[in-house]
Amino acid sequence: MADRSDITKPREDNYAEFLRRIPKVELHVHLAGSVRPSTFFAMAQKNQLELPDVAPEELYGYDNLLDFLKVYNLVSRSIRTREDFSRVTYESMEDGVKQGNLRYREMFFNPTAHALEGVDYRTMMDGILDGVRAAEVDYGARCRLIPAIHRRHSPDIAQEMMERLVEEYRDDIIGLGSDSGDGTGRADQFLETYRFAQRNGLRTTVHAAESRNTAHNFLYAVDVLKCDRIDHGYDIVGHQTMVQRAKDDGLWFTCCPSALAVVLGWKDRANQPIRNMIELGLKVTLNSDDPPMFRTDIGNEFVETCIAMEFDDAEAEALCLGAIDASWLDVSEKRSMRGQFVRDIATLRAELLPGHS
Ligand code: ADE
Ligand code: ZN
């Protein structure tokens with residue numbers, strides 16, 4: 001019998017390339033978590049931030065959320081000047097474009113983390129927007145911004161930040177989120193700030209039900225904070241009333257396979273709760289969260305997850321188009337982006353997966 005290995009292999013390679021190059025929208029990535037390690041070390045040295053005296057592999061060697069967040073905070077503290085903010089924003093977008101054909105992103109940043117380090121609000125905003133604009137000019141990829149409440153900071157600090165953001169509003173700010181582990185404090189303590197953001201026309205999301213035994217935070221997110229979208233949400237799997245509630249409300253979840261694999265204890269990518277969520281009929285998007293910190297990028301999230309979960313090209317396409325629906329673009333922007341994606345995916349399929357039209 002003929003050896004078929006040389007027949008099947010190109011098809012797998014082509015499929016991985018298809019997944020990497022399929023156009024993408026990304027809705028869950030943190031600016032500080034997307035800083036290249038080389039840029040982090042260079043900025044830390046320039047800005048005289050003392051780092052633990054360990055090898056880079058050891059520093060990036062966390063295997064749980066809390067240890068990861070300690071390093072994440074260090075990276076965040078290394079960004080100080082307008083040029084630093086511009087550089088990390090530009091590089092983060094560049095990496096998304098080059099490694100995953102990123103077309104549009106809604107990206108978190110933590111204003112109060114930088115403010116507590118003495119960084120002036122305008123320095124931060126101007127730098128981030130310089131980077132956003134430069135990446136759009138060079139790559140055509142757009143980015144809108146989601147300031148995130150740091151859950152370890154007080155509700156007063158969060159409220160002050162939101163008032164400043166509204167006072168000096170920039171069009172690129174599209175919503176409000178909150179991060180840090182959802183075991184570290186109930187997000188509903190920030191209710192006043194969520195209401196304030198909503199009254200000022202911003203959309204809202206929150207990191208909720210991310211770790212084990214945090215499903216109750218999903219209910220705070222929907223019933224109390226009245227969020228439009230949920231970041232992570234895995235722990236609601238197994239809670240039938242919560243799953244039904246998410247389906248009834250048509251809620252979108254921004255899921256992050258590499259965060260699950262690296263710090264949340266789900267190494268087996270084929271059987272991560274993202275799979276259960278999709279099988280239960282929940283609306284899921286794939287995202288990289290903190291790409292270099294989880295040794296990933298948005299292209300890799302699609303390659304690893306779709307191959308491990310055996311999603312075919314039509315299912316991968318549905319994930320990409322779903323992320324447009326889950327975004328906070330307005331209806332006409334969504335319509336034109338969807339048209340462009342459908343055309344580009346057809347071209348890509350013809351090139352890489354002939355016979356799959
Ligand atoms: N900040 C950055 N990434 C995070 C995550 N996955 N969970 C909570 N806070 C974060
Ligand atoms: Zn996150």
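This is a predicted model: local features need pLDDT of at least 70, side-chain atom pairs count only at pLDDT 80 or more; totals for chains, interfaces and linings use all residues.
**Stop 1: the zinc ion.** Select ligand 2, the zinc ion, together with His-28, His-30, His-207 and Asp-289, its protein donors. Angles among the four donor atoms run from 85 to 179 degrees, and the site is irregular. Along the sequence the donor residues follow the spacing H-x1-H-x176-H-x81-D.

Stop 2: Now keep His-30 and Asp-289, a pair that links distant parts of the chain, 259 residues apart. His-30 sits in the loop between strand E1 (24-26) and helix H2 (37-46). Asp-289 sits in the loop between strand E8 (283-286) and helix H14 (298-308). Both are buried: the relative accessible area is 4% for His-30 and 3% for Asp-289.

**Stop 3: the largest cavity.** The whole structure holds two cavities of 30 Å³ or more. For the largest, of about 100 Å³, select His-30, Leu-65, Phe-68, Leu-69 and His-207, which lie nearest its centre among 13 lining residues. The lining of the largest cavity has four nonpolar, five polar and four charged residues.

**Stop 4: the second largest cavity.** This one contains about 30 Å³ of space. Select Val-25, Thr-285, Leu-286, Asn-287, Phe-302, Leu-319, Cys-320 and Ala-323 to show its lining. E8 and helix H15 (313-326) each give two or more residues to it, and H15 has the largest share, with three. Six of the lining residues are nonpolar, two are polar and none is charged.

Note on methods: Residues are numbered from 1 along each chain as its sequence is written. Chains are lettered from A and ligands numbered from 1 in the order in which they are written. Side-chain values use heavy atoms; hydrogens and water are left out. Donors are N, O and S atoms within 2.8 Å of the metal (3.2 Å for Na, K and Ca); water is not among the atoms, so sites may look incomplete. Four donors count as tetrahedral if all angles lie between 85 and 135 degrees; four count as square planar and six as octahedral if opposite donors are over 155 degrees apart and all others between 65 and 115; anything else is irregular. Helices (H or I, at least four residues) and strands (E, at least two) are DSSP runs, numbered from the N terminus. Buried means under 20% relative accessible area, exposed over 50%, partly exposed in between (1.4 Å probe, protein chains only). On a 1 Å grid over the protein atoms alone, a cavity is a set of points where a 1.4 Å probe fits but cannot get out, and a pocket is an open set with protein on both sides within 12 Å along at least five of seven lines; lining residues have an atom within 4 Å of a point. Grid points are joined across faces, edges and corners, and a volume is the space filled by probe spheres set on the points. Ala, Val, Leu, Ile, Met, Phe, Trp, Tyr, Cys and Pro count as nonpolar, Asp, Glu, Lys and Arg as charged, and the others, Gly among them, as polar.
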